[in-house]
Amino acid sequence: MTKKKATMSQVLADIKPYITKKFMAAPCIKEQDIQAICQILLPRYENVQLIQGLTNNKPDFRIQVKGLFGTEEKRFEVVCGNKKSPATKKKSDLGWIDRLEEIDAALDDF
């Protein structure tokens with residue numbers, strides 16, 4: 001399968017079912033959906049990069065689309081899908097970052 005170049009609007013349309021909007025808050029992505037998002041975007045587009053990080057001690061997930069005139073970035077807060085767990089996550093609870101790196105490494109083989 002040949003990868004193609006994406007626009008940010010294409011990328012957001014592809015992952016729209018996974019984006020959660022809270023009232024008066026920034027868009028979020030559930031932790032358990034990150035793997036599906038990686039599997040949708042990384043094999044399809046050559047100019048899309050997925051980055052994990054922390055903003056204000058909260059985990060975030062960034063999508064970068066490299067274009068002709070620069071790089072567009074969209075940032076999402078990562079929320080735990082399990083309502084029983086506390087809203088604040090310890091740094092040791094960021095196991096999804098390791099899974100993202102494993103997925104990215106596996107997809108590089110294609």
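A residue counts as buried under 20% relative accessible area, as exposed over 50%, and as partly exposed in between. The model shown in these views is a predicted one.

View 1. The closest N and O atoms of Lys5 and Glu46 are 3.3 Å apart. The contact is one of 5 salt bridges in the structure.

**View 2. Arg44 and Asp14 form a salt bridge.** Here the closest N and O atoms are 3.2 Å apart. Because Arg44 lies in the loop between H2 and E3 and Asp14 in helix H1, the pair ties together parts that are 30 residues apart in sequence.

**View 3. Strand E5 pairs with strand E4 in the antiparallel sense and with strand E2 in the parallel sense.** Strand E4 (residues 58-67) and E5 are joined by 8 bridges, and a hairpin of 2 residues connects E4 to E5. Within this pairing, Ile63 has Lys74 of E5 as its bridge partner. Strand E2 (residues 27-30) pairs with strand E5 (residues 70-79) over 3 bridges, and for Ile29 the bridge partner in E5 is Val78. In a regular strand, side chains alternate between the two faces of the sheet.

**View 4. A network of salt bridges links Asp60, Arg62, Glu73 and Arg75.** Within this group, the side chains of Arg75 and Asp60 meet in a salt bridge with an N to O distance of 3.2 Å. This pair links distant parts of the chain, with Arg75 in strand E5 and Asp60 in strand E4, 15 residues apart. How accessible is Asp60, buried or exposed? Asp60 has a relative accessible area of 2%, so this residue is buried, whereas Arg75, with 40%, is partly exposed. As a general point, side chains of opposite charge can pair when their charged atoms come close.

**View 5. Helix H2 carries buried residues along one face.** In H2 (residues 34-41), the buried residues are Ile34, Ile37, Cys38, Ile40 and Leu41. Seen down the axis of H2, these buried residues fall within an arc of 165°, so they line one face of the helix. In an α-helix there are 3.6 residues a turn, so residues three or four places apart point the same way.

**View 6. Cys28 and Cys38 are buried cysteines in a structure that holds 0 disulfides.** Cys28 has a relative accessible area of 1% and is therefore buried. For Cys38, the relative accessibility is 0%, so this residue also counts as buried. Cys38 is one of the buried residues of helix H2.

Methods. Residues are numbered from 1 along each chain as its sequence is written. This is a predicted model: local features need pLDDT of at least 70, side-chain atom pairs count only at pLDDT 80 or more; totals for chains, interfaces and linings use all residues. Side-chain values use heavy atoms; hydrogens and water are left out. Two strands pair if DSSP finds at least two bridges between them. Helices (H or I, at least four residues) and strands (E, at least two) are DSSP runs, numbered from the N terminus. Buried means under 20% relative accessible area, exposed over 50%, partly exposed in between (1.4 Å probe, protein chains only). The arc is that of the directions from the helix axis to the C-beta atoms. A salt bridge is a side-chain nitrogen of Lys or Arg within 4 Å of a carboxyl oxygen of Asp or Glu. A disulfide is a pair of cysteine sulfur atoms within 2.5 Å.
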